Amino acid sequence: MAQAGSDAKAQASAYYERGNIQLDAGANAEAVADYDKAIALDPSAARAFNNRALAYVALGKPDQALADYAAAIQLDPGYLRAYENRLRLLEQRGDLAGMAADYRQLAALDPTHAARYHYRAGSALQGLRDFTGARKAYDAAIAADPQQVDAWYQRGLLSFAEGQRAAALADLDAALRLSPRAANAYYARGLAWNASGDAGRAIEDYTKALALNPNYPEALLGRAAAYQMAGQDALARADLAAIEQKALDDALKAALDLLREQVGEA
């Protein structure tokens with residue numbers, strides 16, 4: 001380090017660069033030691049905080065890593081990489097509130113990818129059951145990029161859950177125009193048609209979902225329910241028999257038993 005002379009920032013830079021070499025080599029404790037020295041010499045070194053956080057993550061010290069990411073971002077509020085790195089750690093911890101906040105910030109900082117960030121913020125907010133915030137985020141994602149198919153799909157599911165069937169159908173239509181091989185979107189639209197009392201269209205969508213994904217017990221169950229609604233009990237029974245060959249969770253087993261009673265199989 002003597003070559004760096006007495007200039008504190010030059011010395012800090014030398015320690016920072018050596019820390020990076022240690023980090024790349026997987027010598028994480030040694031990297032932390034070098035970043036410590038760099039930060040002591042230059043407390044404004046946002047990248048040293050960010051990289052020390054990476055080393056802390058590798059050492060299994062997430063709390064120290066989060067503190068360093070926060071310091072890096074405070075020093076450089078436009079530091080995209082620090083947000084991205086922190087998000088990986090927040091995702092591992094399941095910190096939905098932190099994820100939503102960081103994705104919103106990234107959307108503001110990086111307009112080119114704003115649609116993706118707004119969508120991810122919406123997913124985190126939906127996980128927090130902040131449905132109003134999630135809808136706003138999906139709206140922003142679609143406004144930023146009308147091709148953001150995941151935002152159309154998730155907003156459709158949100159509308160369906162809130163009883164807004166027409167809005168759900170419109171969003172799922174848009175999702176399927178963008179991604180016509182999305183079995184899950186056909187299944188979701190089938191649910192919306194079923195809830196709207198249109199068994200025929202529901203059957204069509206469940207059938208499309210099954211054509212794309214034959215191992216889809218939820219779609220089989222939905223189609224059986226639609227057949228039963230349409231008075232086609234023989235076809236409903238055929239789907240129920242097919243469902244019994246699938247691996248089912250407890251919720252699907254309960255729904256299957258209920259539907260079997262309704263079509264006279266119990």
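Which residues of helix 8 are buried? They are Gly133, Ala134, Ala137, Tyr138, Ala141 and Ile142. The model shown here is predicted.

**Helix 8**
- Helix 8 runs over residues 131-144, which makes 14 residues.
- At 1.5 Å a residue, helix 8 should span 20 Å. Its end C-alpha atoms are 20 Å apart, so expectation and model agree.
- An α-helix has 3.6 residues a turn, so residues three or four places apart point the same way.

**Helix 6**
- Helix 6 covers residues 96-109 and also has 14 residues.
- Seven names make up its buried set: Gly98, Met99, Ala100, Asp102, Tyr103, Leu106 and Ala107.
- These buried residues pack against helix 5 (80-93) and helix 7 (114-127).

**Helix 2 with helix 3**
- Two packed helices are described by the angle between their axes and the distance between the axes.
- For helix 2 and helix 3 (residues 46-58), the angle is about 155 degrees and the axes are 9 Å apart.
- Angles over 145 degrees count as roughly antiparallel, so helix 2 and helix 3 are roughly antiparallel to each other.
- Their crossing is left-handed.
- Helix 2 brings Asn28, Ala31, Val32, Tyr35, Asp36, Ala38 and Ile39 to the contact. Helix 3 brings Ala48, Phe49, Asn51, Arg52, Ala55, Tyr56 and Ala58.
- By class, this contact has ten nonpolar, two polar and two charged residues.

**Helix 10 with helix 11**
- The axes of helix 10 (residues 165-178) and helix 11 (residues 183-195) come within 10 Å. They cross at roughly 155 degrees.
- Helix 10 and helix 11 are therefore roughly antiparallel to each other.
- Helix 10 passes helix 11 in a left-handed crossing.
- On the helix 10 side, the contact uses Arg165, Leu169, Leu172, Asp173 and Leu176. On the helix 11 side, it uses Ala185, Tyr186, Ala188, Arg189, Ala192, Trp193 and Ala195.
- The residues of this contact divide into nine nonpolar, no polar and three charged.

**Asparagine 28**
- Asparagine 28 sits in helix 2 (residues 28-41).
- Is asparagine 28 buried or exposed? Its relative accessible area is 14%. The cut-off for buried is under 20%, so asparagine 28 is buried.
- Neighbours within four places in sequence aside, asparagine 28 is in contact with Leu23, Ala55, Ala58 and Leu59.

**Alanine 12**
- Alanine 12 belongs to helix 1 (residues 8-24).
- Alanine 12 has a relative accessibility of 5% and therefore counts as buried.
- Alanine 12 and isoleucine 39 are 27 residues apart in sequence. In space, they are 6.9 Å apart, C-alpha to C-alpha.
- Leaving aside neighbours within four places in sequence, alanine 12 is in contact with Ala38, Leu41 and Asp42.

**Glycine 200**
- Glycine 200 lies in helix 12 (residues 199-212).
- Its relative accessibility is 40%, so glycine 200 counts as partly exposed.
- Glycine 200 and tyrosine 69 are 131 residues apart in sequence. From C-alpha to C-alpha, they are 54 Å apart in space.

Terms used. Residues numbered from 1 in each chain as written. Predicted model: local features only at pLDDT ≥ 70, side-chain atom pairs only at ≥ 80, totals over all residues. Heavy atoms only, no water. Helix = DSSP H or I, 4+ residues; strand = E, 2+ residues; numbered from the N terminus. Expected span 1.5 Å × (residues − 1). Buried < 20%, exposed > 50% of the residue type's maximum accessible area, 1.4 Å probe, protein only. Contact = heavy atoms within 4.5 Å. Axes fitted to C-alpha atoms, helices over the stretch in contact; angles between N-to-C directions. Parallel < 35°, antiparallel > 145°, perpendicular 65-115°, else oblique. Left-handed = near helix turned anticlockwise from the far one by under 90°. Nonpolar A, V, L, I, M, F, W, Y, C, P; charged D, E, K, R; others polar.
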